[in-house]
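Trainee: I'd like to learn how to read a structure like this one, feature by feature. Can you walk me through it?

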Amino acid sequence: MFCAPPRLSDNAYGLVAEVMKKLVAIAPSHCHLFISELADAVQNLIKSAMDELRMFGEALKALLSSISSDGAAILRVLQALSSLVSSITEREKDLQLLPEIERSTALSKVLDINAALEPLWTELSTCISKIESYSDSAPDLLAPSRTTTTRSGVTPPLPAGTQNILPYIESFFVMCEKLHPAQPSSGQDFSMATLSDAEDASTSSGQQKTACPVSKFDEKHVAFVKFSEKHRKLLNAFIRQNPGLLEKSFSLMLKVPRFVDFDNKRAHFRSKIKHQHDNHHSPLRISVRRAYILEDSYNQLRMRTTQDLKGRLTVHFQGEEGIDAGGLTREWYQLLSRVIFDKGALLFTTVGNESTFQPNPNSVYQTEHLSYFKFVGRVVGKALFDGQLLDVHFTRSFYKHILGAKVTYHDIEAIDPDYFKNLKWMLENDISDVLGLTFSIDADEEKLILYERTQVTDYELIPGGRNIKVTEENKHQYVDLVVEHRLTTAIRPQINAFLEGFNELIPRELISVFNDKELELLISGLPDIDLDDMRANTEYSGYSAASPVIQWFWEVVQGFSKEDKARLLQFVTGTSKVPLEGFSALQGISGSQKFQIHKAYGSPDHLPSAHT
């Protein structure tokens, strides 16, 4: 049935696989028979599948004009096979599901399938390379940019016939994730850490090999990494066309997120958040005084539950009339962030060029400072949850703390360029008998790290550090420890409190697919205003694009400075930040709402009005 032409729906084949799994649960002794039959089915399909991929690779017209059946058949068989193998793994934790000889026979079949499919994956890679070469003549078909969507928001289709390759790619991912040659009882998992090791292995293939050979299990990880890196352009084009792939057959790519383009990661993130929005209908209403916006917001939000915070936020400024159609909420975020990041609040401090923020080690002088950091984490998380942009930029190291990524000495450069140069020189030169350093930080330096806090003592990086000299042999450990202290240890309580509030709304596993630069874009939006994009996404009432008044308007705006353009945007939309998707994604009361310019009727002296 699994090898027959695809006459049934995917759900039907899924039900057949589920029936087999339940039969095995009732009669475990039959498991190896099912696995053997499915393994034989794969073997029978490989030759025709190889011929089909070779035909696609040698004659691109065949790919563009035919419909594949072998790829879909192999995918169905491997999915059913992976379901049975996983059932062995799950049940084996509680009982010996199969006699040892039958279990070994079943697992050896899996190993045989892995070996038999290797030539197919090689042919698949060759075929994809041909498709990618074809796409080079029309780069917009695969390129990740705002130009990949039309003004109607529809992504242009992939080259005709490209979908024939998708079942083969999905089959490869099933093999890598579910049918790798590891013994199920070993407890090994296709985890993020393991994949990181595989990335290291794939990039160091030219280095001297160790005495210990790489296991087949590791080879399968390396194969996935190499395949995804080589063909990331087409893989991302498939995801762009069908974002749901990242939650299904392409989910393995989220464990090595550097292979997923930012626009695809952002779409996946928004999809997950939208699902929570759709399942939460209770509004979140707050009423604040402008002069006490921090105190009022803190007092009204700190006692709310996580579920409360997921409601649609509406803001009322006391003593003012008006309905929050989105503008008041954006203004609340802007005003509140100004107060939170003001030096007088003692919560955050600017570093480097005075334009980036990180927690202030001296926040301890602020009453209930850790409670306030949890509140700030909730505000930043709520802004991400609601798709609101904040006019604030954090240090690179703080973005990494939000992501759970390791900080390095490079992250000090933005905070203290001179100190970074000293560390860099230390790592790149022989320091034998040159520096009189120990594994400690003296009181004067610690005072600078803690921003002139008056009561400080020297700090030992390791127990007994005052008496341990920094040498050529241990200098890397010293740099790691001093970086960890300056960027993490000194503000660890503040970081933890912020993350406690932030992760209530934005789970770590969801945000960790981004890197630090991408997270900055997600929180703060695009740094520059694209006037052509703004003009293309403006709607007129009483005017047309050719009206003299409109022509004059755009001529004047064209001459604006960057700051004046930001003020104009702030005035008509309530925010000076552009959404990552561009002006087509500006928000109004009912969701996306383009920039509007309306004619004011009545007196000819009336000026046009503009809003979202």
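This is a predicted model: local features need pLDDT of at least 70, side-chain atom pairs count only at pLDDT 80 or more; totals for chains, interfaces and linings use all residues.

Trainee: Is cysteine 176 buried or exposed?

Mentor: Buried as well, with a relative accessibility of 0%. The cut-off is simple: under 20% relative accessible area is called buried.

Trainee: How many disulfides does the model have?

Mentor: The count is zero. The rule looks for cysteine sulfur atoms within 2.5 Å of each other.

Trainee: Let's zoom out. What helices and strands are there, and how many?

Mentor: The protein chain has 24 helices and eleven strands. Of its 612 residues, 46% are buried. The chain exposes about 30,200 Å², and 54% of that comes from carbon and sulfur atoms.

Trainee: How much of the contact list comes from residues 24 or more positions apart?

Mentor: Take the contacts with a separation of 6 or more: 72% of them join residues 24 or more positions apart.

Trainee: Now helix packing. What do I look at?

Mentor: Two packed helices are described by the angle between their axes and the distance between the axes. The crossing of H14 and H19 is right-handed.

Trainee: Which residues make the contact?

Mentor: On the H14 side they include Leu370, Phe373, Val376, Gly377, Val380, Gly381 and Leu384. On the H19 side, Ala497, Phe498, Gly501, Phe502 and Leu505 are among them. By class, the contact has eleven nonpolar, five polar and five charged residues.

Trainee: Why is helix H15 described as largely enclosed?

Mentor: Count its buried residues. Seven of the eight residues of H15 (residues 396-403) are buried, so H15 is largely enclosed by the rest of the structure. The buried ones are Ser397, Phe398, Tyr399, Lys400, His401, Ile402 and Leu403. The cover over them includes strand E4 (356-359), helix H18 (475-487), H19, helix H20 (508-511) and helix H21 (516-524).

Trainee: What about helix H9, residues 232-241?

Mentor: The reasoning carries over. Seven of the ten residues in H9 are buried, so H9 too is largely enclosed by the rest of the structure. Its buried set is Leu234, Leu235, Asn236, Ala237, Phe238, Ile239 and Arg240.

Trainee: Can we try single residues? Where is isoleucine 550?

Mentor: Isoleucine 550 sits in helix H23 (residues 548-558), and it is buried, with a relative accessible area of 1%. Leaving out residues up to four places away in sequence, isoleucine 550 touches Tyr540, Tyr543, Ser544, Ala545 and Ile597. The C-alpha atom of isoleucine 550 is 9.3 Å from that of proline 608, a residue 58 positions away along the chain.

Trainee: And glutamate 123: buried or exposed?

Mentor: Buried, at 17% relative accessibility, since the cut-off is under 20%. Glutamate 123 belongs to helix H5 (residues 100-135). Setting aside neighbours within four places in sequence, glutamate 123 is in contact with Met50, Leu53 and Arg54.

Terms used: Residues are numbered from 1 along each chain as its sequence is written. Side-chain values use heavy atoms; hydrogens and water are left out. Helices (H or I, at least four residues) and strands (E, at least two) are DSSP runs, numbered from the N terminus. Buried means under 20% relative accessible area, exposed over 50%, partly exposed in between (1.4 Å probe, protein chains only). Contact means heavy atoms within 4.5 Å. Accessible areas come from the Shrake-Rupley method with a 1.4 Å probe; for residues, only the protein chains shown count as cover. A crossing is left-handed if the near helix is turned anticlockwise from the far one by less than a right angle, and right-handed if clockwise. Ala, Val, Leu, Ile, Met, Phe, Trp, Tyr, Cys and Pro count as nonpolar, Asp, Glu, Lys and Arg as charged, and the others, Gly among them, as polar.
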